[in-house]
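Trainee: I'd like to go through this one with you, starting with a helix and then moving on to the rings and the core. Could you put the structure up?
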Amino acid sequence: MTGDHYFTAEPSAPARPREVEFTVAGRDYTLGSAGGVFSADRLDPGTAVLLRKADLPAADVTGALLDIGCGFGPITCVLATVAPEATVWAVDVNERARALTTANAARVGAADRVRAVAPDELPADVTFTQIWSNPPIHIGKPELHGLLLRWLPRLAPDGVAWLVVARHLGGDSLHRWLVEQGWSVERHASQKGYRVLRVTR
């Protein structure tokens, strides 16, 4: 066992490359993954619910989209595929995750439209048409709130954020907290114990 978590900046766990296959909106994806990143062996069930139940961007969506905590890049690659006119910023503290996301963007033909960066590398003047996240609940509530307070204000005035949170990990309390922060929050869907939240200004 190592002390690594998926939110470790430089994981020491052996990479042991592998592939993860999944299907979203009728398209099959085969992405590279590795040890030391979030849900390395499969599409995380919460991410699967998010991509199945949230409203994926239309093909004519432009501007910048954001994937918070991109892992090996499944959300990023789906967004880049369904919205070929948009730029997708993929943020993760884990350098291995960022490298995998960059490689997987090339796999789906979107290398020129995906920017996988550490949080502090994302230019301060970029605002987002859409924000997507299966947020890292296990970093703890204060850190999770800080993460959302950092990125949600970067949403464009008419933008939308999509979040998925397990009910037993505080999905309903996070919903209430977001409302207390002044956001408009709709429980868009529930499936397999997960809440899909639609967040707007």
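Trainee: What covers the buried residues of α3?
Mentor: Keep in mind that this is a predicted model. The cover over the buried residues of α3 includes β2 (27-33) and α2 (74-82), together with β4 (86-91) and β5 (114-117).

Trainee: And which residues of α3 are buried?
Mentor: They are Arg96, Ala97, Arg98, Leu100, Thr101, Asn104 and Ala105. The helix itself takes in residues 95-107, and its 13 residues reach 19 Å from the first C-alpha to the last, which is close to the 18 Å expected at 1.5 Å a residue.

Trainee: What about the two ends, what is at the start of α3, and what follows α3?
Mentor: At the start, Asn94 has a side-chain oxygen that comes to within 2.9 Å of the backbone nitrogen of Arg96. After the helix comes Gly109, which has a positive phi, near 75°.

Trainee: Switching to rings, how many aromatic pairs does the structure hold?
Mentor: There are two aromatic pairs. In one of them, the ring centres of Phe22 and Tyr29 are 5.2 Å apart and the planes are at 10°, so this pair counts as stacked. Phe22 and Tyr29 are both buried, and Arg27 lies over the face of Tyr29, at 5.4 Å from the ring centre.

Trainee: Is Ser133 buried or exposed?
Mentor: Ser133, which also has its place in strand β6, is buried, with a relative accessible area of 0%. Leaving out residues up to four places away in sequence, Ser133 touches Leu50, Ile68, Trp162, Leu163 and Val164.

Trainee: Now the largest nonpolar core, which residues touch the most other members there?
Mentor: That core has 39 residues, and the ones that touch the most other members are Phe22, Leu50, Trp132 and Val196. The largest share of this core, five residues, is supplied by α2. There is also a second, separate core of 27 residues, including Ile131, Leu163, Val165 and Trp183.

Technical notes
Residues are numbered from 1 along each chain as its sequence is written. This is a predicted model: local features need pLDDT of at least 70, side-chain atom pairs count only at pLDDT 80 or more; totals for chains, interfaces and linings use all residues. Side-chain values use heavy atoms; hydrogens and water are left out. Rings of Phe, Tyr and Trp (its six-membered ring) pair if their centres lie within 6.5 Å; planes under 30 degrees apart count as stacked, over 60 as edge-to-face and the rest as tilted. Buried means under 20% relative accessible area, exposed over 50%, partly exposed in between (1.4 Å probe, protein chains only). A charge sits over a ring if NZ of Lys or CZ of Arg is within 6 Å of the ring centre and within 35 degrees of the ring normal. Helices (H or I, at least four residues) and strands (E, at least two) are DSSP runs, numbered from the N terminus. The expected span of a helix is 1.5 Å times one less than its number of residues. Contact means heavy atoms within 4.5 Å. A polar contact is a pair of N or O atoms within 3.5 Å; within protein, one must be able to donate a hydrogen and the other to accept it, and residues adjacent in sequence count only if both atoms are side-chain atoms. A nonpolar core is a set of buried Ala, Val, Leu, Ile, Met, Phe, Trp, Tyr and Cys residues joined through side-chain atoms within 4.5 Å.
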